[in-house]
Amino acid sequence: MMDPNHFLMIMLSRFELYQIFSTPDYGKRFSSEITHKDVVQQNNTLIEEMLYLIIMLVGERFSPGVGQVNATDEIKREIIHQLSIKPMAHSELVKSLPEDENKETGMESVIEAVAHFKKPGLTGRGMYELKPECAKEFNLYFYHFSRAEQSKAEEAQRKMKRQNREDTALPPPVLPPFCPLFASLVNILQSDVMLCIMGTILQWAVEHNGYAWSESMLQRVLHLIGMALQEEKQHLENVTEEHVVTFTFTQKISKPGEAPKNSPSILAMLETLQNAPYLEVHKDMIRWILKTFNAVKKMRESSPTSPVTETEGTIMEESSRDKDKAERKRKAEIARLRREKIMAQMSEMQRHFIDENKELFQQTLELDASTSAVLDNSPVVSDMTLTALGPTQTQVPEQRQFVTCILCQEEQEVKVESRAMVLAAFVQRSTVLSKNRSKFIQDPEKYDPLFMHPDLSCGTHTSSCGHIMHAHCWQRYFDSVQAKEQRRQQRLRLHTSYDVENGEFLCPLCECLSNTVIPLLLPPRNIFNNRLNFSDQPNLTQWIRTISQQIKALQFLRKEESTPNNGSTKNSENMDELQLPEGFRPDFHPKNPYSESIKEMLTTFGTATYKVGLKVHPNEEDPRVPIMCWGSCAYTIQSIERILSDEDKPLFGPLPCRLDDCLRSLTRFAAAHWTVASLSVVQGHFCKLFASLVPNDSHEELPCILDIDMFHLLVGLVLAFPALQCQDFSGISLGTGDLHIFHLVTMAHIIQILLTSCTEENGMDQENPTCEEESAVLALYKTLHQYTGSALKEMPSGWHLWRSVRAGVTPFLKCSALFFHYLNGVPSPPDIQVPGTSHFEHLCNYLSLPNNLICLFQENSEIMNSLIESWCHNSEVKRYLEGERDAIRYPRESNKLINLPEDYSSLINQASNFSCPKSGGDKSRAPTLCLVCGSLLCSQSYCCQTELEGEDVGACTAHTYSCGSGVGIFLRVRECQVLFLAGKTKGCFYSPPYLDDYGETDQGLRRGNPLHLCKERFKKIQKLWHQHSVTEEIGHAQEANQTLVGIDWQHL
Ligand SMILES: [Zn+2]
Ligand SMILES: [Zn+2]
Ligand SMILES: [Zn+2]
Ligand SMILES: [Zn+2]
């Protein structure tokens, strides 16, 4: 082999650098000659390149035949260096590795040895992370690194070392020995020319003047020194008796230069440099070199081979180390104090920021954020027995509420007579709770929504991002959005993620899709409940009689009004005929207490709910408007209760602010809406709702109690009641009415449960001796049995009955607790705020119910027996009991998305056997699975297009209209892609719940790894569905990616 000195001389001349390293004062000379800047920089680059080449020549031994390695070592090294840049997903890593002639990377066989697999979270991908013990094999000058990769890797490795509180030196790794043929290459490192080059560059760094050196030059020299030290160390470790270690780098760098230059030794220069303030980044590396130098020296001394002459280096190094240690400590102390000060400043700033941007923070809270710890802004009430409704309702001190408009930043108090403040809101139809997907509103113009069927087949859901604006600020904002949109459409014919013509807009703060606003209100009952607290309130029986009389009087008057006027005399005669109940003044019309602006917003939101909920043209006069408002309130509460129960969350646990605000505003809005509706219309609704439980002659075609959702009925009755009660001056308080309505509906619900309770023996035996509830419910069941003419099946035990009543009624009680809580503002009892198995007793106390619910029947047996009898005599109930029809059972189970197979290939098989239902046996090109009902559809194809509202739509869009009232969640089987659709114009793709073994999705099935179901991701999709967030998700996706807006979603 060539003499290393000779080799390096050739190299220097090839790089045209010979001159530089043979001129002793090169550095000094150029410091004064600024004009040569370009030349110097060019030389610097050449020097850097040359050093790099030497590093490669001596260091790159990872090919079998060059170094003593095998193919596995080679691939391991590649992986280690790729993962040193950052953790990588499987596909990324595969792409970054060199392939062999068989297109194999060989990665699978070794990956376990060098990396940990980190499982994917809900959104991310599975990632490989470098094992910490492999970090020492990192080589900054790895020859497959690009410049950018090198600097990224350097940064990442330093950062990791800092996190581990290690020094940040990145010394060269210990290398495998060369094969014998190349073994002498290492001598380049200890050749005189190499030492001269190192010495010269270090000298330039010590002088630290001008442009004659660069940091990266120095870094390479330090790396080369490190390599030489590692080499020597290894030689010493593997030394055998008969061999003398010929690699003596440590000795050579300890020697000072010879006359005439008398330059200091490389070691001495390194010691000087380690304290140079301008070399802070390289300090740890220099320190590492000095430490390794000492270690090597010690090894050499203890080894039998030639002893090394003592140099003063060690002592210098030692003392400067101590000094440096003290200095570091002092600096650390200063840094700590400064950090503390900054932290204090920052937390102060943060507090300000939170104060100023409250809504922003509220909005970022997710439903499952356990940290949210929303403060119940109801005042603290000391009494622990809190009652949400009725004459004994816990009195909540009036509290003032101040809110800030996100548009003009002005603060305002929420008051009855002030300008309206509104929340951005999104109303949508929903079938999420539906128990009957085949049912949908046929003719919306004629549809009567007064009674919600217990199958909850189509509800109206309201959500809000919780951002508050002045009504007039919102109006101005909305008008400008509209104007802008019109101009834009004329010009560009572009779509947006929101449909302005349908009243949609994005919340100005969080860009959440909205289509209306809800006014913020104080508890409305307090406004109408001024004349209350009469000590002598009627019991349920008396109250029902009074209300029945009032209803009768009203109906009489209505009839009078509708019949042609035959002269005033007859009219007054009839008035005399009619005995008005005491204190009832049907001619009285209460004054609306709200400001014009609030009234306007009550109408706006009411009309929007009506328009969206029924899919009709807006008409604020339509008598169904108030019903839709009550219905949306009831449906939204029910859907929240379902989510909380499914997730085992406490009813009054920390709800995210935006949900809390939404439910509060929605409930209070629904309770105040009657003030802007026609009084007689609302009274009419009340009478009809009331008649479904307390029959009277004028209403005959009403649904039987099996076909009424009792919570919707409760909300409707309670919220319509003030329209009747406001004309009653007999002294019955609103609270009394609420309580009686609630008790009456609860009893009807219990009868509903008993009539439909499953009689299957589930093999569980009763544990305790018969308790009070059990004997009471058994007695009630016997009464029912009697009224139904023994059609009701014999029930085995009171224990089973009580169990099914309790389980069946709980969701209703929970919904009622939420409803009255938001309606009346009574704080929730602390017991229901924490998770626990059962809060049945606490719920009953809060709702002013006896713990033994059957007591309600006993206390009011006088009227209840006749009511139960009338309910049971209904022909539909009879048909049900005779098995001629079905009915909903309680508790209703939560709807879930369909069960997906664990192995994706079985879905592919299922889809490949699926043929287009319309073109007789042809295979469908884009088989698409509805995740809500499990239907397989032939999507994106002309064969299955149908007409919907006068437009051609694809099978998916058509399906969403019946299955999800416009919203759909699909899996495109061939693409392994989740598709969200909303209406005809909105859609987006969503990450599928199938992952390969490396935690990655394979959208488009390009990689073809086996895919398995990821339950967590599937649950996340289900949660989006339960939370009614699919449309919002599409909105955000479309805002983020405008190309999604242009896709013709309706053709899918
Ligand atoms: Zn404003
Ligand atoms: Zn918002
Ligand atoms: Zn479906
Ligand atoms: Zn087809």
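## Worked exercises on a predicted model

R165 is found in the loop between α8 (147-163) and α9 (192-207). The model behind these exercises is predicted.

**Exercise 1. Is R165 buried or exposed, and what is its phi?**

Step 1. Read the backbone. R165 has a positive phi of about 55°, yet this residue is not a glycine.

Step 2. Read the accessibility. The relative value is 78% for R165. Exposed means over 50%. R165 therefore counts as exposed.

**Exercise 2. Find where L456 lies, then decide whether it is buried or exposed.**

Step 1. Locate the residue. L456 sits in the loop between β5 (421-430) and β6 (459-470).

Step 2. Check phi. For L456 the angle is near 45°, a positive value in a residue other than glycine.

Step 3. Apply the cut-off. Buried means under 20% relative accessible area. L456 has 4%, so it counts as buried.

**Exercise 3. Which residues coordinate the zinc ion (ligand 2), and what is the geometry?**

Step 1. List the donors. They are C465 (SG), H467 (ND1), C507 (SG) and C510 (SG), at 1.8 to 2.3 Å.

Step 2. Take the angles. The 4 donor atoms of the zinc ion (ligand 2) give 106 to 114°, and the site is tetrahedral.

Step 3. Write the spacing. Along the sequence the donor residues of this ion, ligand 2, read C-x1-H-x39-C-x2-C.

Step 4. Check burial. C507 and C510 are buried.

**Exercise 4. Describe the site of the zinc ion (ligand 3), and say how its donors are spaced.**

Step 1. Name the protein donors. They are C930 (SG), C933 (SG), H959 (NE2) and C963 (SG), lying 2.0 to 2.3 Å from the zinc ion (ligand 3).

Step 2. Assign the geometry. Angles among the 4 donor atoms of ligand 3 run from 102 to 116°, and the site is tetrahedral.

Step 3. Follow the chain. The donors of the zinc ion (ligand 3) are spaced C-x2-C-x25-H-x3-C. One pair links distant parts of the chain: C930 in strand β10 (residues 927-930) and H959 in helix α33 (residues 955-963), 29 residues apart.

Step 4. Check burial. C930 and H959 are both buried.

**Exercise 5. Why is the arrangement around the zinc ion (ligand 4) tetrahedral?**

Step 1. Collect the protein donors. C916 (SG), C938 (SG), C943 (SG) and C944 (SG) lie 2.2 to 2.3 Å from the zinc ion (ligand 4). Their spacing along the chain is C-x21-C-x4-C-C.

Step 2. Four donors count as tetrahedral if all angles lie between 85 and 135 degrees.

Step 3. Apply it. The 4 donor atoms around the zinc ion (ligand 4) subtend 99 to 126°, so the arrangement is tetrahedral.

Step 4. C943 counts as partly exposed because its relative accessibility is 29%. C944 is buried, with a relative accessible area of 6%.

**Exercise 6. At what angle do helices α25 and α26 pack, and which residues meet?**

Step 1. Get the geometry. Helix α25 (residues 734-756) and helix α26 (residues 772-787) pack at about 75°, with axes 11 Å apart. That angle makes α25 roughly perpendicular to α26.

Step 2. List the contacts. From α25, I750, I751, L754 and L755 meet V777, L780, Y781 and L784 of α26.

Step 3. Sort by class. The contact of α25 with α26 has 8 nonpolar residues, no polar and no charged ones.

**Exercise 7. Which residues does a cis peptide bond join, with omega about -5°?**

Step 1. Name the pair. The bond joins Y890 and P891.

Step 2. P891 is in the loop between α31 (875-881) and α32 (904-912).

Methods: Residues numbered from 1 in each chain as written. Chains lettered and ligands numbered in written order. Predicted model: local features only at pLDDT ≥ 70, side-chain atom pairs only at ≥ 80, totals over all residues. Heavy atoms only, no water. Axes fitted to C-alpha atoms, helices over the stretch in contact; angles between N-to-C directions. Helix = DSSP H or I, 4+ residues; strand = E, 2+ residues; numbered from the N terminus. Parallel < 35°, antiparallel > 145°, perpendicular 65-115°, else oblique. Contact = heavy atoms within 4.5 Å. Nonpolar A, V, L, I, M, F, W, Y, C, P; charged D, E, K, R; others polar. Donors = N, O, S within 2.8 Å, 3.2 Å for Na, K, Ca; no water. Tetrahedral: all angles 85-135°; square planar, octahedral: opposite > 155°, others 65-115°. Buried < 20%, exposed > 50% of the residue type's maximum accessible area, 1.4 Å probe, protein only.
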